[in-house]
Amino acid sequence: MVEIIKGNIIFTETPDNFEVIENGYIVYEDGIILSVTKLLPEKYSDCKIHDYGNRLIIPGFYDLHVHSGQYSQCGVGMDLPLLQWLKKYTYESEKRCENPSYARRLYEKFSQDLLRYGTLGAVVFSTTSYEGTEILFEEFLRTGIRGYIGMVEMERNAPEFIIKDLDYTMEMIESLINEYNDNRLVKSIITPRFAPTSTKEGLRRLGELAKKYSVPVQSHLDESQEEVEWVRSLYKKDYASVYDEFGLYGDTPTLMAHGVYMTDEEIDLTKDNGVILVHCPDSNINLSSGIMHSKELIEKGVRLGLGTDMAGGHKLFMGEVIVRAIQLSKLLTLQEGMSNKPLTFSEAFYMSTVVGGGFFGKIGKLKSGYELDCLIIDDDQLYREIYSIEDRLSKFIYTGDDRWILDRYVSGKILNV
Ligand SMILES: [Zn+2]
């Protein structure tokens, strides 16, 4: 059935600027946008219209890097650097997800909160627990948001209570792939935690599995200096080349979180292999990891998305991540000069909506042929009439939160929070 939503439509066609259709119409059928117009074509005049008046219609947010098992520890242990933080808090948090009733409660809240904050799709590290990961799939399906969910592979260099036997892990990951990969919204993703907690044998088998089922891959890359040196001492090569050697660097669609300390060779490999780097600015600040050269990487042709990396990041709202990415790039400009220009608002918004949505399908733009994933923003603010639609979007991203989001559409369907 053809339906229509009406309001002030805004999205990024390219990273450089916004497309705006004031008081426009989005016509859609079975979740797919048929047309976006200023005037409603006559043939649709009898169709049902959801009239949002003067409100904004914007694409949804997509969080390309987040850890479900760490949701309970948001905002905890933020005085510690990455490797100490993992040891003191994070592995313990993830271990608790072995308990099904603990995992159920946590993941129900996690999935609902993602939706509440307007994140319509997330690429998630679960934990090494198969049962916990199953529960996470179920909660995403119940909530109705899009997901790529990875049961985490870890075999060494972490406490005994969290690591798992490789044969067992491979068998469980394969069974999750078989169970969910025909699902339209929530699928599996191959997830070595990071090179130091895998063996070469583990990485090789994960690469083979990704290839066998054409499943995407996610992991961490070049996050902190200490970690980068550790990888080099273990594998005697640069971090990206470790993944590349085992078919885990772009042979299937690949996300790598962070990329703060990239060598020129790694940048070339990332660009040539089409790997998407996921910039997680809140996390990089909280764990004192470093400042990603975001603009420089984009100018060199690398695709960048955005992630919360919660609980390295402390909040799920992607508007905050967009702001922090811009702020951090400005600090880098102050520190290193105009060879590192700041990210613009439209570039950072594009990263979260078009690059992020693009990982899930034809999603992230409000134009014909795209899936209708969008948010309705009720920005009922003082003197709103003074400002353009783009300025009103900026105000929402910088000062708004979940309370400004009136409705959330995934594939043309309004989801309840
Ligand atoms: Zn992470």
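**Exercise 1.** Identify the protein donors of the zinc ion and state which arrangement they form.

*Solution.* In this predicted model, the donors are His-65 (NE2), His-67 (NE2), His-220 (NE2) and Asp-309 (OD), lying 2.1 to 2.3 Å from the zinc ion. Donors are N, O and S atoms within 2.8 Å of the metal (3.2 Å for Na, K and Ca), and sites may look incomplete because water is not among the atoms. Next, consider the angles: the four donor atoms subtend 86 to 170 degrees, which makes the arrangement irregular.

Residues are numbered from 1 along each chain as its sequence is written. For the predicted model, local features need pLDDT of at least 70 and side-chain atom pairs count only at pLDDT 80 or more, while totals for chains, interfaces and linings use all residues; side-chain values use heavy atoms, with hydrogens and water left out.

**Exercise 2.** Determine whether His-65 and His-220 are buried or exposed.

*Solution.* Buried means under 20% relative accessible area, and exposed over 50%, with partly exposed in between (1.4 Å probe, protein chains only). His-65 has a relative accessible area of 2%, so His-65 is buried. His-220, at 6%, is therefore buried as well.

**Exercise 3.** Describe how strand 6 pairs with strand 5 and strand 7.

*Solution.* Two strands pair if DSSP finds at least two bridges between them. Strand 5 and strand 6 pair in the parallel sense over five bridges; here Phe-125 of strand 6 is the bridge partner of His-67. Strand 6 also pairs with strand 7 (residues 146-150) in the parallel sense, over five bridges.

Terms used. Tetrahedral: all angles 85-135°; square planar, octahedral: opposite > 155°, others 65-115°. Helix = DSSP H or I, 4+ residues; strand = E, 2+ residues; numbered from the N terminus.
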